[in-house]
Amino acid sequence: MWIYEKKLQYPVRVSTCNPRLAKYLIEQYGGADGELSAALRYLNQRYTIPDKVIGLLTDIGTEEFAHLEMIATMIYKLTKDATPEMIKAAGLEDHYVDHDHALFYHNAAGVPWTASYIQAKGDPIADLYEDIAAEEKARATYQWIINLSDDPDLNDGLRFLREREIVHSQRFREAVEILKDEQGKKKFF
């Protein structure tokens, strides 16, 4: 089903080692509104979505995994040269004690990822509105991280991700309209 290109969807650059920024980005790695949650939500919901929009959920869910890979790369680059003192100053000492520099699915506050972060109601309209909300929350989170960041190289990649969230939200809105139009049509048997 997938073809993996051994390159990131968009180049990831960072200006300097910055564990504090990495801590913020962990929210998009393992948080409720992060990329893992989005990918799993959409790829799960596609089994109960009408054929007219199933491809959309597959496409966006797959792209969210590409975004997860970008976030992981950003976090790695921001922390790879960090000393234990820098880790502690950034508030990542609990993560460091449990995982060293390895990534782990939790949010910026250290709360582990849980399946309760994702929804699948089985009602296509309800699920698509859930997806729109998820994309808008991710967009807002990216903007807030950009607001906290002083790294122009990192911000370039974050802006790319923020813009993709906007595109995904728009595509889900279009899917809602497609399904609403279908509901309004008379059915003949």
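One cut-off before we start: buried here means under 20% relative accessible area, exposed means over 50%, and partly exposed is in between. Also, keep in mind that what you're looking at is a predicted model.

So, how many salt bridges does the count come to? Ten. I'll walk through a few of them.

Let's begin with R13 and D156, which form a salt bridge with the closest N and O atoms 3.3 Å apart. This pair links distant parts of the chain: R13 sits in the segment before α1, D156 is in helix α7, and they're 143 residues apart. R13 has a relative accessible area of 38%, so partly exposed, and D156 comes in at 23%, also partly exposed.

Next up, D33 with K137, another salt bridge, with 3.5 Å between the closest N and O atoms. D33 is in the loop between α1 and α2, while K137 belongs to helix α6, so this one ties together parts 104 residues apart in sequence. On accessibility, D33 is partly exposed at 23%, and K137 is partly exposed at 39%.

Now the pair I wanted that cut-off for: E163 and R162, a salt bridge with the closest N and O atoms 3.0 Å apart. E163, at 38%, is partly exposed.

Okay, that's my bit, over to you.

Key:
Residues are numbered from 1 along each chain as its sequence is written. This is a predicted model: local features need pLDDT of at least 70, side-chain atom pairs count only at pLDDT 80 or more; totals for chains, interfaces and linings use all residues. Side-chain values use heavy atoms; hydrogens and water are left out. A salt bridge is a side-chain nitrogen of Lys or Arg within 4 Å of a carboxyl oxygen of Asp or Glu. Helices (H or I, at least four residues) and strands (E, at least two) are DSSP runs, numbered from the N terminus. Buried means under 20% relative accessible area, exposed over 50%, partly exposed in between (1.4 Å probe, protein chains only).
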